[in-house]
Amino acid sequence: MRKIVITSGKGGVGKTTVTALLGRKLAERGARVVLVDGDVGLNNLDVVMGVENKVVYDVSDVLDGRCRLSQALVIDNESGVAVLPSSSRKFDVSAQAFRGVIESIRGADFVLIDCPAGIEEGFHRAVSSADECIVVTTPSASAIRDADKVVALLSSYRLNDVGLVVNRVRYDMIARGDMLSAKEIGNLLHLGVVGVIPEDDHVTVYQQLGRVPDFAVSEKCAEYLADNVEKGTKQLVEPYMKRRWRLR
Amino acid sequence: MKPSKMTYERMKNMLVRDKLGVSDGFMQVYKTELSRLTADYFNLDGNLDMKIELLDDGEYKVQIEFVATETKGFSVTSDMKRAGW
Ligand SMILES: Nc1ncnc2c1ncn2[C@@H]1O[C@H](COP(=O)(O)OP(=O)(O)OP(=O)(O)O)[C@@H](O)[C@H]1O
Ligand SMILES: [Mg+2]
């Protein structure tokens, strides 16, 4: 069972989006996937996965013994991905207790933990429960700077691997030399790039409806991300190199 | 130069500077020592204030500010020479 935390430092760069995207793509390839919402109090993963109406119990109920882990997991019927929702109210949960819940997950190939923004307890809780990490950034200077701080912090955790996903990339701007490429961002952060997700209006439109359609360009680019994660490689495919995916 | 190349250089410097950051402990020790030294020359009114800033070329700009009620106004040997000793 591979436990991967998706983190960023800066908020709103696409951790939850990438968690959902990667989870679905891995599941499509036949893997058994559990997504864990690590954002206690600001839970969103259930909404992005479109399963919020099915949530009965959440991680706080598991921790307090009100239900079993299997009762709290919500299945997205379309992809088969299981989601462990987080509580919408803030509650105290130690890193150790959280890790305990994650370690009690049985039969999964991948557990993806959606980390909250910032570098406080929630970050510690999520990162110390994982053994691999994906850092998400956008090409903006402030996101890269925050990602760099996170990368420095990650060195004090026992992680087998740290990879980078660059989200909200505009290939037209990269082609003109107006935006840093994923490769350059990887060099700045000294991280190998596992995925590049373009800026995609479909995400904006369909995420709030709970399902981003397969034809969305971000979904296609996530194939490469899933491929790298599955194989443990860091093959960089900058989407703008693929002509047929160029945005019009 | 392309904007992305300029951004790259700027980001590279920014990230390096972030890492050269001065720790709070370092600044506290410096401030304590400086206050002690300054108090030999001035009667401080309140605390000594200190600001450190990183310049674009990577140098530090340190500003020290304090208010004194009086100087310790003592003479040193070179003053004595000037006074005709
Ligand atoms: N590739 C993309 N194209 C367009 N919009 C995107 C993309 N990725 C994310 N977004 C949008 O950006 C917003 C923030 O994304 P998301 O919630 O995934 O970020 P986050 O890092 O999880 O935020 P938080 O730190 O608040 O948890 C959402 O409205 C989402 O729809
Ligand atoms: Mg989120």
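How much space lies in the largest pocket? About 400 Å³ of space lies there, in a predicted model where local features need pLDDT of at least 70, side-chain atom pairs count only at pLDDT 80 or more, and totals for chains, interfaces and linings use all residues. Residues are numbered from 1 along each chain as its sequence is written, chains are lettered from A in the order in which they are written, and side-chain values use heavy atoms, with hydrogens and water left out.

**Sheet**
- Chain A holds an open sheet of eight strands with mixed pairing, in the order β3-β4-β2-β5-β1-β6-β7-β8, where strands are DSSP runs of E of at least two residues and helices runs of H or I of at least four, numbered from the N terminus.
- Strands β6 (132-137) and β7 (161-169) of chain A pair in the parallel sense over six bridges, pairing being called if DSSP finds at least two bridges.

**Helices on the sheet**
- Helix α7 (141-154) of chain A lies across β1, β6 and β7, at about 165° to β6(A), with angles taken from 0 to 180 degrees between N-to-C directions of axes fitted to C-alpha atoms, for helices over the stretch in contact.
- Helix α9 (182-189) of chain A touches β6, β7 and β8, contact meaning heavy atoms within 4.5 Å.

**Largest pocket**
- Its lining comprises 20 residues, with A:Gly12, A:Val13, A:Gly14, A:Thr17 and A:Gln207 nearest the centre; a pocket is an open set of points on a 1 Å grid over the protein atoms alone, where a 1.4 Å probe fits, with protein on both sides within 12 Å along at least five of seven lines, and lining residues have an atom within 4 Å of a point.
- Grid points are joined across faces, edges and corners, and the volume is the space filled by probe spheres set on them.
- Elements giving two or more residues to this lining are α1, β7 and α10 of chain A.
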